[in-house]
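Please keep the sequence and the structure in view while reading.

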Amino acid sequence: MLAPLTEPTVTSVFAARTTIEPDGTVEGYASLFGEIDQARDMVMRGAFANTLATRGIRRIPMLFQHDPAEPVGVWLELREDHRGLYARGRLIPDVTRARELLSLVREGAIDGLSIGFRTVKGRIDPRTRIRRLHAVDLWEISIVTFPLLAGARVRAVKQATSPPRASFARTRAERGWAKVVGGGRARSMQRRRA
């Protein structure tokens, strides 16, 4: 049986087509320049430049615990700065492990970041046995329980705390629609949106 036809309302015309969940954005440093990790590696400034230029962020997966069977999100921004490899990405809420991971990260139960890479150019100092990595082929960045580099941590987890602002075109269309339907209901909708 067909549903009866009803008069459209401002709410029904402009209703969101999907539910907007907290965005699950995480950010932090996946590697820090000049710091020695537990494997006695020290990443040098510029080590990621070639990979970032040639591969791009979409070809560097966000994994859980370096497991290629556990992709949990996408990187939105990867860049070298004076401090290290800055990473900002989003956990994908449709992935079960990502939802679990987001809860763990929010509560502070897990916050490590770790890189998976192949050394392109490195040199071991014979005196200190520290391997300086001058160029690496970055394969992936993982959210992990125990990072080899103590300072490689998720620094922030962002949630959407308010609905996104309506665009100028949408606001203008809502005002036009309110003039067509008139009445107190349209005015109250405009006050609520403001």
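The sections below treat confidence, an aromatic pair, a helix and a strand residue.

## Basis and confidence of the model

This is a predicted model, in which local features need pLDDT of at least 70 and side-chain atom pairs count only at pLDDT 80 or more, while totals for chains, interfaces and linings use all residues. Residues are numbered from 1 along each chain as its sequence is written, and side-chain values use heavy atoms, with hydrogens and water left out.

The term pLDDT denotes the predictor's confidence in each residue, from 0 to 100. For the protein chain its mean is 79, and 69% of the residues reach 70 or more. Over residues 10-21 the pLDDT stays under 50, and the model has 12 contacts (heavy atoms within 4.5 Å) beyond four places in sequence for this stretch. Residues 160-166 also have a pLDDT below 50, with 5 contacts beyond near neighbours in sequence. Where pLDDT is low, the predicted coordinates should not be read in detail.

Rings of Phe, Tyr and Trp (its six-membered ring) pair if their centres lie within 6.5 Å; planes under 30 degrees apart count as stacked, over 60 as edge-to-face and the rest as tilted. The structure holds 2 aromatic pairs. In one of them, the ring centres of Tyr29 and Tyr86 are 5.8 Å apart and the planes stand at 70°, so the pair is edge-to-face. Helices (H or I, at least four residues) and strands (E, at least two) are DSSP runs, numbered from the N terminus. Tyr29 belongs to strand E1 (residues 25-32) and Tyr86 to strand E5 (residues 84-91), so the pair ties together parts 57 residues apart in sequence.

Buried means under 20% relative accessible area, exposed over 50%, and partly exposed in between (1.4 Å probe, protein chains only). Tyr29 counts as buried because its relative accessibility is 10%, and Tyr86 counts as buried at 10%.

## Helix H3

The 12 residues of helix H3 (residues 96-107) should span 16 Å at 1.5 Å a residue, and the end C-alpha atoms are 17 Å apart, which agrees. The expected span is 1.5 Å times one less than the number of residues.

The buried residues of H3 are Ala98, Leu101, Leu102 and Val105. They cover an arc of only 105° around the axis, which puts them on the same side of H3; the arc is that of the directions from the helix axis to the C-beta atoms. Gly108, with a positive phi near 80°, follows H3.

## Met42 in strand E2

Met42 lies in strand E2 (residues 41-43) and counts as buried at 9% relative accessibility. Beyond its neighbours within four places in sequence, Met42 has contacts that include Gly34, Ile36, Ile130 and Leu133.
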